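Subject: Structure handover

Hello,

Please find the structure below, with my notes after it. Have a look at it before reading on.

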Amino acid sequence: MLMVRAIIRPERVNTVLSELCDAGFPAVTKIDVMGRGKQRGVKVGDVFYDEIPKEMLIMVIKDEDKDDVIKLIMKNAKTGQKGAFGDGKIFVSPVEEAYTISSGSSGL
């Protein structure tokens, strides 16, 4: 199992979630987050924004679904043809165990 954490622009969330659901990946946790990337914030006129609002999508998937999920998120979170600074990041890490609280069953 793998945990995928995608930090993306808020305006791209609904599209990404819809496409994930349509592709058979409906289980997602969404969290409002603030932060900055390599660009170190954004200056608009005389105002500097050090922390920029983003959304973090968290999901646990089967190892064999990784490439499909990553491609789907990248395609739908990107702004424009080439993308832009601030479109986000995707992090993938292993999950050793998972349990369903209501049933006590392990795995996905």
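Predicted model: local features only at pLDDT ≥ 70, side-chain atom pairs only at ≥ 80, totals over all residues.

Residues are numbered from 1 along each chain as its sequence is written, and side-chain values use heavy atoms, with hydrogens and water left out.

The chain as a whole

The chain has two helices and six strands. Helices (H or I, at least four residues) and strands (E, at least two) are DSSP runs, numbered from the N terminus. In sequence order the pattern is β-α-β-β-β-β-α-β. The C-alpha atoms fill a box of roughly 55 × 25 × 20 Å along the principal axes.

Of the 108 residues, 28% count as buried. Buried means under 20% relative accessible area, exposed means over 50%, and partly exposed is in between, with a 1.4 Å probe and protein chains only. The accessible surface of the chain is about 7,600 Å², and 52% of that belongs to carbon and sulfur atoms. Accessible areas come from the Shrake-Rupley method with a 1.4 Å probe; for residues, only the protein chains shown count as cover.

Among the contacts in the chain with a separation of 6 or more, 72% are between residues 24 or more positions apart. Contact means heavy atoms within 4.5 Å.

The chain carries 16 positive and 16 negative charges, and their mean positions are 8 Å apart. Lys and Arg count as positive and Asp and Glu as negative; His and the chain ends are not counted. The place of a charge is NZ of Lys, CZ of Arg, CG of Asp or CD of Glu.

The sheet

Four strands form an open sheet in the order E2-E5-E1-E6, with antiparallel pairing. Strand E2 (29-35) and strand E6 (88-94) are at the edges with a single partner strand each, so one side of each has no neighbour in the sheet. Neighbouring strands are turned by 20° against each other on average, direction ignored. Axes are lines fitted to C-alpha atoms, for helices over the stretch in contact, and angles run from 0 to 180 degrees between N-to-C directions. Two strands pair if DSSP finds at least two bridges between them.

Strand E5 (residues 52-61) is joined to E2 by seven bridges, and seven bridges also join E1 to E5. Glu-55 in E5 stands opposite Asp-32 and also opposite Ile-8. Further along these pairings, Met-56 in E5 is the bridge partner of Ile-7, and Pro-53 in E5 is the bridge partner of Met-34. Seven of the ten residues of E5 are buried, so this strand is largely enclosed by the rest of the structure.

Val-4 has Val-92 in E6 as its bridge partner. The side chains of E1 alternate: Leu-2, Val-4, Ala-6 and Ile-8 point to one face and are buried.

Pro-53 lies in strand E5 and counts as partly exposed, at 47% relative accessibility. Leaving aside neighbours within four places in sequence, Pro-53 is in contact with Pro-10, Val-33 and Met-34. Met-74 is 21 residues from Pro-53 along the chain, and their C-alpha atoms are separated by 19 Å.

Thr-29 lies in strand E2 and counts as partly exposed, at 44% relative accessibility. Outside the four places on either side in sequence, Thr-29 is in contact with Met-56, Leu-57 and Ile-58. Thr-29 and Met-56 are 27 residues apart along the chain, with their C-alpha atoms separated by 8.0 Å.

Lys-75 is in helix H2 (residues 66-77). Lys-75 is exposed, with a relative accessible area of 66%. Lys-75 and Val-16 are 59 residues apart in sequence, yet 8.6 Å apart in space, C-alpha to C-alpha.

Regards
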